[in-house]
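Visitor: Could you put the model up for me? I have a handful of questions about it.

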Amino acid sequence: MNSDTQSPSESVLDRVLVLEMVRVTEAAAIAASDLIGRGDEKAADAAAVEAMRGAFDTLYMDGTVVIGEGERDEAPMLYIGEKVGMGKGPKIDIALDPLEGTTITAKAGPNALAVLAAAEEGCLLNAPDVYMDKIAVGPGYPEDVISLEKSVSENVEAVAKAKGVEPKDIIVCVLDRPRHADIIAELRSLGCGVVLIGDGDVAGVIATTDQDTTIDMYMGQGGAPEGVLAAAALRCVGGQFNGRLVFRNADERARAAKWGIEDLDRIYKLHDLASGDCIFAATGVTEGSLLDGVKRLRRPDGSRVMTTESVVMRASSGTVRWIRGEHRI
Ligand SMILES: O=P(O)(O)OC[C@H]1O[C@](O)(COP(=O)(O)O)[C@@H](O)[C@@H]1O
Ligand SMILES: [Mn+2]
């Protein structure tokens, strides 16, 4: 396992592999884009999964899915433990969500993404598919500015103080769910701006890192796999994150045991979720704050193309690359 101080050249995450990861998210996004606005979440997800699975095969790596579409008996492809890549080369763990925002895609809403994170073996938390309490801020804050041990108000006040503004000036992104009624009420009592999103908290967390969104913080409960993916992104671009797994019943607690998680109340910070060197790659499926969606265009010469926008970033170097693709139909 590499430490964060090692230079990129020492990492098994070969430079070529960094760029190759974009092909994988592009393939998933293009496949899902056929189903944008078609009202069929399952078909959109299946198309993304199949395309992502195929794109992995060409990569020179010995990859293992550690966060995927589910356990072997519940997912036909990209299940946890599945080997991906050519089976030769560096041993790499992969966390993926071929279509993050299945409902968004079905309804042609904003911010659906094809995403993955890759890290050296053992560096990504093998999170069970349960919920996770999350809180995040973008770069430029001390690590302890946010904490799941503090109240909503205490967190907002700390971020406001560090930013040099009033709590009412803080803008917080929250998934629009009944379970978040208390969080939203507390934020409103402070006078905060609350950006309610229908789905897609990977994009919601990453929005805190982009000044153009004006979003300062992310709060609330979403999928634990999405928490690991978002943490990998923040490792690359900066920011702070706390996550705590939420177990709602005995079955979910049993899953934790199976995953070797002993302390059910543990608060995970960025490096607990994604350590060492890691890569985060995403391609927009629908238009969003982070990325453009897949577009089908007719060029003046009559040819038809699809355009994609992707981002790929790497923790050890901090390099962020934006990649626009033009794909002949
Ligand atoms: O819809 P729920 O059960 O509140 O779950 C929230 C999770 O679902 C999503 O909104 C969408 O995820 P999928 O499209 O991958 O199912 C995630 O971004 C979020 O973490
Ligand atoms: Mn998802």
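Visitor: With 15 C-beta neighbours inside 10 Å, what does Ala108 count as?
Guide: Bear in mind that this is a predicted model, in which local features need pLDDT of at least 70, side-chain atom pairs count only at pLDDT 80 or more, and totals for chains, interfaces and linings use all residues. Residues are numbered from 1 along each chain as its sequence is written, while chains are lettered from A and ligands numbered from 1 in the order in which they are written. A residue is buried with 20 or more other C-beta atoms within 10 Å of its own, exposed with 12 or fewer and partly exposed in between, all C-beta atoms being placed from the backbone. Ala108 has 15 such neighbours, so it counts as partly exposed.

Visitor: What is the phi of Ala108 near?
Guide: Most residues other than glycine have a negative phi. Ala108 sits in the loop between H3 and E4; helices (H or I, at least four residues) and strands (E, at least two) are DSSP runs numbered from the N terminus. Phi of Ala108 is positive although the residue is not glycine, and the value is near 55°.

Visitor: And Thr214, what is its phi about?
Guide: Thr214 belongs to the loop between H6 and E8. It is exposed, because 11 other C-beta atoms lie within 10 Å. Here too the residue is not a glycine and phi is positive, at about 65°.

Visitor: Is Asp45 buried or exposed?
Guide: Asp45 is part of helix H2 (residues 41-56). Beyond four places in sequence, Asp45 is in contact (C-beta atoms, placed from the backbone, within 7 Å) with Leu99 and Thr102. There are 21 other C-beta atoms within 10 Å of Asp45, so the residue is buried.

Visitor: Where is Glu69 placed?
Guide: Glu69 is buried, as 25 other C-beta atoms lie within 10 Å. Leaving out residues up to four places away, Glu69 touches Val49, Ala75, Met77, Leu78 and Tyr79. Its place is the loop between strand E1 (62-67) and strand E2 (83-84).

Visitor: Which element gives the most to the side of domain 1 that touches domain 2?
Guide: The domain assignment, whose bounds come from an automatic or database source, gives domain 1 (15-122 + 279-328) and domain 2 (131-274). Between them, 23 residues of domain 1 are in contact with 19 residues of domain 2. On the domain 1 side, strand E3 (91-100), helix H3 (102-107), strand E4 (113-120) and strand E13 (304-314) each give two or more residues. With four residues, the one that gives the most is E4.

Visitor: Where does ligand 1 lie?
Guide: 13 residues surround ligand 1, the closest being Thr102, Asp199, Gly222, Gly223 and Glu226; a residue is near a molecule if its C-beta atom, placed from the backbone, lies within 6 Å of it. E3, H6 and strand E8 (217-223) each give two or more residues to that shell. Both domains give residues to the shell, so ligand 1 lies between domain 1 and domain 2.

Visitor: Which residues does Asp201 touch?
Guide: UniProt's unreviewed entry includes Asp201 under "binding site". Asp201 is in helix H6 (residues 201-206) and is buried, because 27 C-beta neighbours lie inside 10 Å. Not counting residues up to four places away in sequence, the residues it touches are Lys134, Leu175, Gly222 and Glu226.

Methods
UniProt positions renumbered as here; feature names shortened; annotations may be inferred. Contact = placed C-beta atoms within 7 Å.
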